[in-house]
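This report describes pockets and side-chain contacts in one protein structure. Please look over the sequence and the model before reading on.

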Amino acid sequence: MDHPIATRWWQRPRRSTWIGLTALLGLVVAATAILHEAGDRSLSVAAGSVTVATARRALFRDVVAIHGTLQPKEVVYVDAVSGGQVARILAQPGDRVTAGQPLIVFRNAQLVRDVLDNAGRLVESVTQVQSFETQLENNRASNDKTLTDLAATVATIEEKAARIDPLAARGFYPRGDADAVHIDLARYRRLHAVQQATNQRQEALRREQLPRLRGEQESLSRSLDATHAQLEDLVVRAPVTGTLTQLDLKLGQNRNRGDRLAEINSDAGFRILADIDEFYLPRVRVGQNVDLTFDGHSLGGRVIRVRPEVKNGAFTVEIDFIGLQPAGATPGAAIEGDLTLGADRPALVLPSTAVAQGSSDLFLLSPDGRSARRSPVRFGRRNPRQVEIRAGLAAGQRAIVSDTSAWSRIDRINVEE
């Protein structure tokens, strides 16, 4: 006998539809997860092959490391003034020399002859000027003597006229002789006036010519001294005290006037030339302090010049020492230090190796430390030991801080014990 068959709840049409949709959604989610895991480019590494650090809050020192070289503040070039044939070499590269010390002696016969000829002509010119000056002085003396004699003659005749005039008026002295005396007196008075005027004109002329003659004489004397000094230029002397460098001469070698003979590093001290990564160019300024270390000793420095030209990803700064110069320093010696960019302040930091590869992300470790996934991180300031974290990482989180530049195409790291 037939009997009705009951339909189970999941076999009912509406419920079957919902069950099918739910199952399909689950399959899609599972497939998406599987595909996502399969799409991750992962790499397994040993735990000992990577360096892990924990982000922490600490005092950030706003400095940049510098690696510079010592350069002399003042390099003085020694050139040939007269030139000639090298007769003697009195110093060698590396020698300490003092200002005025003879370094090289030249031989130049043509120069000697020219100097002697010029000196002879100058001496003749000086003699002529001196003779003219002497002549002016002699003329002045002669004119003064003539004027004095005329004045004495006038005075004598005046005295004679004063004696005979009363006698002539009384008839005791011939009138003709008395008139002759007055004629002589008038003549000598005119001569005295003429001589006096002449003396005044010649004295004015002498006073006008004398400074010019003396100036010409001084100029000739200087020219004569300069001519004789050309012979002294055959001995090349150190212009400053310092260390002689780059002298390369041979006995008998001919060198022309103006040729470079040697260099001297003066005792003005050293300064530092240092190349710094262009990343820091906007923050480096003149006047910033530098903590320096040389041969185990701490020294102070200050930036005196920033050269903004960037070459090979770096720019150059010049640093002067504050106070003491480094003992035993030589040109080209290496020196290190920290250049202060700003004030210290608290920050979230990681070791500076975290950005050694120049990336803008890090591999952040999972809580169990068995894996690390690449995550974007925003870095801030950095110094030789620290880098500031501004976003993408929280205090207490761990990250791989060793060089991961070879893993640029990897998304996930599996850390194996």
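For sorting lining residues, Ala, Val, Leu, Ile, Met, Phe, Trp, Tyr, Cys and Pro count as nonpolar, Asp, Glu, Lys and Arg as charged, and the others, Gly among them, as polar. On that basis, the lining of the second largest pocket divides into five nonpolar, seven polar and two charged residues. The model is a predicted one.

**Pockets**

The second largest pocket has a volume of about 220 Å³. Its lining is made of 14 residues, and Thr243, Ser266, Asp267, Phe270 and Ala329 lie nearest its centre.

The largest pocket has a volume of about 350 Å³. It is lined by 16 residues, with Val64, Asp277, Tyr280, Arg382 and Asn383 nearest its centre. By class, this lining holds nine nonpolar, four polar and three charged residues. The strands β4 (63-72), β13 (270-277) and β22 (386-391) each supply at least two residues of the lining of the largest pocket.

**Rings**

Tyr280, one of the residues nearest the centre of the largest pocket, also takes part in the one aromatic pair counted. Its partner is Phe279, and the two rings are edge-to-face, 5.0 Å centre to centre with 90° between the planes. Tyr280 is buried at a relative accessible area of 9%, while Phe279 is partly exposed at 43%. Elsewhere, the charged end of Arg187 sits over the ring of Tyr188, 4.5 Å from the ring centre.

**Salt bridges**

The structure holds 19 salt bridges.

| Salt bridge | N to O distance |
|---|---|
| Lys145 and Asp149 | 3.1 Å |
| Arg271 and Asp320 | 3.4 Å |
| Glu388 and Arg345 | 3.7 Å |

Lys145 and Asp149 both belong to helix α2 (residues 109-169), where they are four residues apart, about one turn of the helix. Lys145 counts as exposed, at 55% relative accessibility, and Asp149 as partly exposed, at 39%.

Arg271 and Asp320 form a salt bridge. This pair links distant parts of the chain, with Arg271 in strand β13 and Asp320 in strand β16 (residues 314-322), 49 residues apart. Asp320 is buried, with a relative accessible area of 15%.

Glu388 and Arg345 also meet in a salt bridge. Glu388 lies in strand β22 and Arg345 in strand β18 (residues 345-351), so this pair ties together parts 43 residues apart in sequence. Glu388 is buried at 7% relative accessible area, whereas Arg345 is partly exposed at 38%. Through shared partners, salt bridges join Lys73, Arg271, Arg305, Arg307, Glu318 and Asp320 into one network.

Note on methods
Residues are numbered from 1 along each chain as its sequence is written. This is a predicted model: local features need pLDDT of at least 70, side-chain atom pairs count only at pLDDT 80 or more; totals for chains, interfaces and linings use all residues. Side-chain values use heavy atoms; hydrogens and water are left out. On a 1 Å grid over the protein atoms alone, a cavity is a set of points where a 1.4 Å probe fits but cannot get out, and a pocket is an open set with protein on both sides within 12 Å along at least five of seven lines; lining residues have an atom within 4 Å of a point. Grid points are joined across faces, edges and corners, and a volume is the space filled by probe spheres set on the points. Rings of Phe, Tyr and Trp (its six-membered ring) pair if their centres lie within 6.5 Å; planes under 30 degrees apart count as stacked, over 60 as edge-to-face and the rest as tilted. Buried means under 20% relative accessible area, exposed over 50%, partly exposed in between (1.4 Å probe, protein chains only). A charge sits over a ring if NZ of Lys or CZ of Arg is within 6 Å of the ring centre and within 35 degrees of the ring normal. A salt bridge is a side-chain nitrogen of Lys or Arg within 4 Å of a carboxyl oxygen of Asp or Glu.
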